[in-house]
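Have the viewer open while you read.

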Amino acid sequence: MEGQNQNMKILCLHGFRTSGKFLQKQISKWDPSLFLHHFQMDFPDGLFSAGGKSDIEGIFPPPYFEWFQFNKEFTEYTNLEECISHLCQYITHNGPFHGLLGFSQGATLGALLLGYKAQGKVLKEHPPFKMFVSISGSKFREPSICEVAYKDKINVKSVHFIGAKDWLKLPSEDLATAFHDPLIIRHPQGHTVPRLGTYLNARFCFAFSYTVLDSYF
């Protein structure tokens, strides 16, 4: 099992106009034994340089990146197909990956990849993903995407962090419904990777066992 763990990778997709290094910092607030002792965490940068102001300017140094662009209503997307193609190539070249983890735009994109793969649209030669961790994720809203990606319940072990003060609280809850038997962890914070106090840490340890230990087999 020890040798097997060393070969298991999780692809970690950052939020809009941030970076892989910033997501790595966000995740570092968690107990490292939850992930780092089990997996290799891969934190790539988005395909495109940030096309506008980043919310983390003055908090974390640039450069900043985005995976794709979208309109205010999140119903129209620019460069999404290029992004999907890029990520599929990255996964094929650097994988295989055991699972995906994402924050905000990264979680939304990760869920889309899982839904597309389940329907045979992408990554046909890649082994099935075993787990997914979504932090403040959401669904795409364009009907032609939804009809494919969320056609059936996505049969991947999933954990969904949903913040009480997150402006994406309701969309995050909606994303969880796209998965078979999702495990939801609620926290009192906003649009952020939550710090895990005693209670949340216990909940996440349970969730980790649910998604990870079961997914070994």
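Arginine 186 is partly exposed, with a relative accessible area of 45%. One thing to keep in mind from the start: this is a predicted model. Arginine 186 has a salt-bridge partner in glutamate 173, and the closest N and O atoms of the two are 2.8 Å apart. Glutamate 173 sits in helix α6 and arginine 186 in strand β10 (residues 183–187), so the bridge ties together parts that are 13 residues apart in sequence. Glutamate 173 is partly exposed too, at a relative accessible area of 22%.

How many salt bridges does the structure hold? The count is four. One of them joins the side chains of glutamate 66 and arginine 17, at 2.8 Å from N to O. Here the partners come from distant parts of the chain, 49 residues apart: glutamate 66 belongs to strand β4 (residues 65–66), while arginine 17 is in the loop between β1 (9–13) and α2 (20–27). Are these two residues buried or exposed? Both glutamate 66 and arginine 17 are buried.

Another salt bridge brings together lysine 139 and aspartate 174, with 3.6 Å between N and O. This pair also links distant parts of the chain, 35 residues apart, with lysine 139 in the loop between β8 (131–135) and α5 (143–149) and aspartate 174 in helix α6 (residues 169–176). The two ends fall into separate burial classes: lysine 139 is buried at 18% relative accessible area, whereas aspartate 174 is partly exposed at 36%. The 20% cut-off is why lysine 139 counts as buried.

Now for the greasy part. In soluble globular proteins, nonpolar side chains tend to be buried together. In this model the largest nonpolar core has 33 residues, and Phe68, Leu80, Leu112 and Phe140 have the most contacts inside it. The elements giving two or more residues to this core are β1, α3 (80–94), α4 (105–118) and α5.

Which residues does phenylalanine 140 touch, leaving aside its neighbours within four places in sequence? Its contacts are Phe68, Phe74, Tyr77, Leu80, Thr108, Leu109, Leu112, Ile145, Cys146 and Tyr150.

Key: Residues numbered from 1 in each chain as written. Predicted model: local features only at pLDDT ≥ 70, side-chain atom pairs only at ≥ 80, totals over all residues. Heavy atoms only, no water. Helix = DSSP H or I, 4+ residues; strand = E, 2+ residues; numbered from the N terminus. Buried < 20%, exposed > 50% of the residue type's maximum accessible area, 1.4 Å probe, protein only. Core = buried A, V, L, I, M, F, W, Y, C linked by side-chain atoms within 4.5 Å. Contact = heavy atoms within 4.5 Å.
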